[in-house]
Amino acid sequence: MTDETGRSRRRFLGAVGAVGVAGLAGCSAQPVADEATSEPPATTDDQVTTEGTTTGEPTESMADTLVVATYPPFVNAPSTSPGAWLKREFESEYDATLVYQTPDSELNYYIERAVQGVDFEADVYVGLDTGQLIDVDSQRGEGQFTGSLFAEASDLAGGDAIKDGLRFDPEGRAVPFDTGYISLVWNATMDGGEFVAPETFEDLTAAEFEGDLIAQNPTTSTTGEAFMLHTIDAFGEDGYLDYWERLQDNGVTVLGNWSDSYSAYLNEEAPMVVSYSTDQVFASAEGQDLDKHQIRFLNDQGYANPEGMARFADSDAPRLAERFMEFMLRPEIQAGIAQRNVAFPAIADAPLPEDYAQYAKEPPESVTFTYDELEANLGTWTDQWARRFAGG
Amino acid sequence: MDRPVGAALRRRVNGVRTASPTAVAERFALPLLAAVTALLLALLFYYPIATVFVDAVVEDGRLTFGPLVEVATDEFYLGRVLGFTAYQALLSTLLSVLLGLPGAWVLARFEFRGRDTLRSVTMVPFVVPSVLVAAAFYATFGANGTLNAALSAIGLPRVDLLPSLGAILVAHAFYNAPLVTRVVAAAWESVDAGAVETARSLGASRRRAFRDVVLPQLLPAILTGATLTFVFTFATFAIPLALGGSQYATIEVFIYSARQQLEYGRAASLAVLETGVSLSLMALYLRYERAQAAERRGIRTLVRRPLWPDSWTRGRALRRLAIAGYAVVVALVFVAPLASMLYASVSVDGRFTLDAYRFLVERQATGAAFQVKPLPAIVNSLVFGAATLLLAVPLGVVMGVLTTRRFRGRWLVDALSMAPLVVSGIVVGLGLLRGLVFGFEAFGYRFTVTGAVAIVAAHAVAAYPFVVRTVAPPLDSLDRALVDSARALGASRARAVLDVELPLVWPGVVAGAAFAFAISIGEFDATVILAEGGGTYTMPVAVERFIGRRLGPATAMGTVLLAVTAASFVVIERVGGEFRG
């Protein structure tokens with residue numbers, strides 16, 4: 001049959017056959033009792049080639065592969081990111097391979113697996129904050145998540161150099177490795193070069209700044225959440241919603257995430273955006289006009305968002321994981337992370353280049369909520385915000 | 001019956017009668033295919049999403065309906081969130097239909113160079129990642145955008161269009177008006193010319209003939225486009241969040257943030273509400289469509305007029321003027337944002353630079369294994385797209401055939417065949433992750449599939465309803481006499497489908513394939529849930545990963561996505577063209 005319908009039928013049948021084959025190739029069935037073999041998804045080329053070596057029992061000697069889980073921009077930002085450099089430095093010093101896992105849903109990826117009782121092979125998580133740690137703890141007891149997701153950090157060499165204010169985990173699992181400050185970034189070239197950002201939260205609601213601020217939704221964005229927490233610190237949990245109502249009356253634009261709002265800011269939709277106080281590091285590196293990248297700490301404060309790392313409790317390579325965490329705290333590595341992740345080091349004496357401080361601004365006073373304060377209230381605060389704001 | 005199909009048909013069914021053992025086997029082919037289809041859908045769709053919806057009704061292992069009741073009795077979710085979501089979806093639908101219909105008219109009724117290509121590129125907006133649309137809209141309609149530059153250049157006052165409800169609506173029209181155009185143009189092209197001529201010869205004016213003959217035949221297609229647009233914009237997420245700001249948050253925004261806060265019960269309950277509304281609407285529409293479906297004979301189509309007529313009359317000139325006006329609107333809504341995106345990929349602060357493309361090349365050449373690279377993203381997208389076609393087209397055709405048969409309980413098959421359209425990508429992705437990638441236990445084994453297979457499953461279930469929707473109407477209006485005579489001459493049901501019906505509805509199959517491919521290439525939500533942490537990222541995922549403090553790399557990747565996609569559609573339609581009989 002060479003006519004048109006013959007061809008179409010062969011295609012049709014061929015299609016059904018091919019799907020069957022593809023389906024079989026991607027499926028696996030394993031006896032339920034043998035839990036250790038439930039196969040984790042292949043992550044990277046590296047991972048596939050090293051799978052054979054990671055399945056071995058942890059022994060007294062150090063494991064030779066460390067799986068580091070982190071958020072995507074840590075290894076994959078289009079500008080700079082510390083991931084590749086850290087891998088090179090670590091591998092050159094230790095006789096081990098560092099493999100990254102970078103799920104888009106970040107720590108939720110592992111929490112979900114823990115709840116569903118599915119094994120994963122990450123040894124350390126790099127880049128968790130207070131809110132994420134609270135999420136971990138609130139899910140404990142759900143489904144098959146009964147044990148502990150993270151192990152308590154032992155006495156790490158160099159751990160005592162960490163600045164006091166940054167330790168955010170009361171149980172000592174998460175170890176801070178850098179911190180950022182949420183602040184306003186403003187554009188001095190707008191309003192015909194006349195624009196100057198207000199100095200206080202109060203002034204931000206003044207008529208002259210109507211429609212001048214872009215912020216982010218606290219329920220979908222980290223920077224948005226931090227800015228909302230800063231207003232709670234400033235006006236109290238009884239006053240922040242009223243303050244937001246005033247902001248809304250004054251024409252604040254609240255977008256879904258940092259990148260949407262930052263691109264709106266770059267398109268000069270408004271002269272101010274909620275962002276990071278390290279903004280000028282990028283702007284100067286790319287030769288952009290620094291007048292368009294001014295930093296303002298409202299009430300002379302910045303909201304501090306320290307980032308921590310923690311070892312997964314059922315890591316196959318606990319000793320190597322600890323070596324890695326110590327490595328992350330060493331002064332020259334701290335300086336390297338700070339520059340590549342564009343954040344501030346977690347220790348006081350990291351050897352940063354002199355012009356770094358010129359572009360990375362530190363607030364006169366830093367504000368942050370503790371684990372306990374957030375654990376009791378964060379869900380309520382964001383829900384109330386969403387209801388009030390979306391209701392408008 | 002003088003058409004070649006008829007002759008070929010007679011030859012073939014005569015041949016069939018002699019090969020009766022095959023005929024016996026073929027009698028069971030259709031029921032068997034139906035059973036296989038049902039099984040596949042249960043495995044790839046219904047079971048996975050059930051694992052998510054369970055969270056809405058089960059607490060601590062007990063059936064309590066607690067989370068669902070909590071959300072459904074909350075005035076905020078029921079009134080404000082659901083209410084606003086429906087309101088903006090309604091307005092978006094009106095605007096999309098308004099903007100899409102003239103396009104269908106131009107494509108269906110006029111002949112011009114590049115018409116086929118233009119038809120192909122109507123699928124392109126479908127695959128543009130919403131994050132790029134947001135950036136492109138800001139670059140075009142924003143305070144400092146192209147539109148304002150143009151306005152102030154000709155001395156007109158500047159406008160501030162962003163963010164606003166209007167911006168959300170226009171962005172939704174950007175995505176959905178081409179869909180309306182395509183579905184309606186297909187229906188217009190199958191309008192029976194004979195009926196129009198009869199009406200005209202009986203003295204009906206041109207306008208009257210259009211209203212009484214053509215419009216009734218277009219109405220089901222217009223309603224298809226409108227229903228799909230409503231359902232899509234009802235489940236909208238990124239666009240309102242980026243272009244409207246958070247005071248315009250839709251139900252999908254609340255589902256997303258509930259999932260992010262690990263409030264599974266609330267996320268699932270909201271998803272149940274959302275799905276319930278969309279599914280009811282879809283069921284209503286299907287009832288209407290069934291009432292409309294009447295057997296139509298004669299497939300001689302209207303002759304298209306040249307866009308540039310040989311001689312001008314006042315009416316002709318007015319019509320061409322209207323088309324020119326429409327072209328300006330199209331340029332503003334569709335071309336300007338895409339052009340702004342292209343421009344953003346080759347410029348920084350107004351200076352021309354190829355840095356963004358250099359970034360892509362460097363990332364490809366020197367990027368580490370754990371970084372997202374452009375080439376694997378392109379290859380993955382194409383492979384997933386092809387695999388989606390292999391799964392979605394047969395599924396859709398079988399479902400299309402089933403839904404045009406007369407049998408008890410057909411409405412259920414109808415509604416179920418459309419169900420995947422009303423479940424959001426986040427829910428589908430989550431369901432496949434928990435149901436298939438994490439695996440399920442049966443007969444003492446734990447069955448799991450890889451992320452790649454799950455991604456194809458997600459794409460295929462999202463795509464096959466489009467195949468059903470493009471294949472079912474022509475199947476329905478097929479000349480029954482052809483099928484009946486084939487059956488009378490001894491052809492089995494299955495053979496009648498393969499040898500008679502399928503060739504006649506091939507344009508619908510090709511259109512469905514184009515939809516399926518477009519959906520696979522552009523899908524983001526389910527893909528990102530299933531591909532995360534893996535080597536199975538697609539082009540939209542790469543775009544998202546390349547967003548940083550400058551938009552260049554992301555817009556460059558977006559441009560690559562557009563180019564690859566547009567080329568693919570042209571190929572699909574050209575390949576499909578061979579089969580048109």
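The tour below goes from chain A to the cores, the sheet and a recorded domain.

This is a predicted model: local features need pLDDT of at least 70, side-chain atom pairs count only at pLDDT 80 or more, and totals for chains, interfaces and linings use all residues. Residues are numbered from 1 along each chain as its sequence is written, chains are lettered from A and ligands numbered from 1 in the order in which they are written, and side-chain values use heavy atoms, with hydrogens and water left out.

Start with chain A. It has 16 helices and twelve strands. Helices (H or I, at least four residues) and strands (E, at least two) are DSSP runs, numbered from the N terminus. Of the 392 residues in chain A, 55% are buried, meaning under 20% relative accessible area with a 1.4 Å probe, protein chains only. Contacts are heavy atoms within 4.5 Å. Among those in chain A between residues at least 6 apart in sequence, 76% join residues at least 24 apart. The accessible surface of chain A (Shrake-Rupley, 1.4 Å probe) is about 15,900 Å², and carbon and sulfur atoms hold 46% of it.

Now go inside. A nonpolar core is a set of buried Ala, Val, Leu, Ile, Met, Phe, Trp, Tyr and Cys residues joined through side-chain atoms within 4.5 Å. The largest one has 265 residues, and A:Phe150, A:Phe227 and A:Trp244 have the most contacts inside it. Helix H9 of chain B (residues 165-189) gives the most to this core, with 16 residues. Apart from this core lies another, of 35 residues, including A:Phe90 and B:Phe370.

Which residues does A:Phe150 touch? Leaving out residues up to four places away in sequence, its partners include A:Leu107, A:Tyr125, A:Arg173 and A:Phe312.

Next, the sheet. Three strands form an open, antiparallel sheet in the order E1(A)-E8(B)-E7(B). Strands pair if DSSP finds at least two bridges between them. E1 (27-31) of chain A and E7 (440-442) of chain B stand at the edges; each has a single partner strand, so one side of each lacks a neighbour in the sheet. E7(B) pairs with E8 (residues 445-449) of chain B over three bridges. Within E8(B), B:Arg446 stands opposite B:Glu441.

Helix H19 of chain B (residues 425-437) lies across E7 and E8 of chain B, at about 140° to E8(B). Axes are lines fitted to C-alpha atoms, for helices over the stretch in contact, with angles from 0 to 180 degrees between N-to-C directions.

Finally, the record. An unreviewed UniProt entry lists "domain: ABC transmembrane type-1" for residues 82-285 and 378-572 of chain B. Residues 82-285 of chain B are 77% helix and 1% strand, and their end C-alpha atoms lie 20 Å apart.

Terms used
Buried < 20%, exposed > 50% of the residue type's maximum accessible area, 1.4 Å probe, protein only. UniProt positions renumbered as here; feature names shortened; annotations may be inferred.
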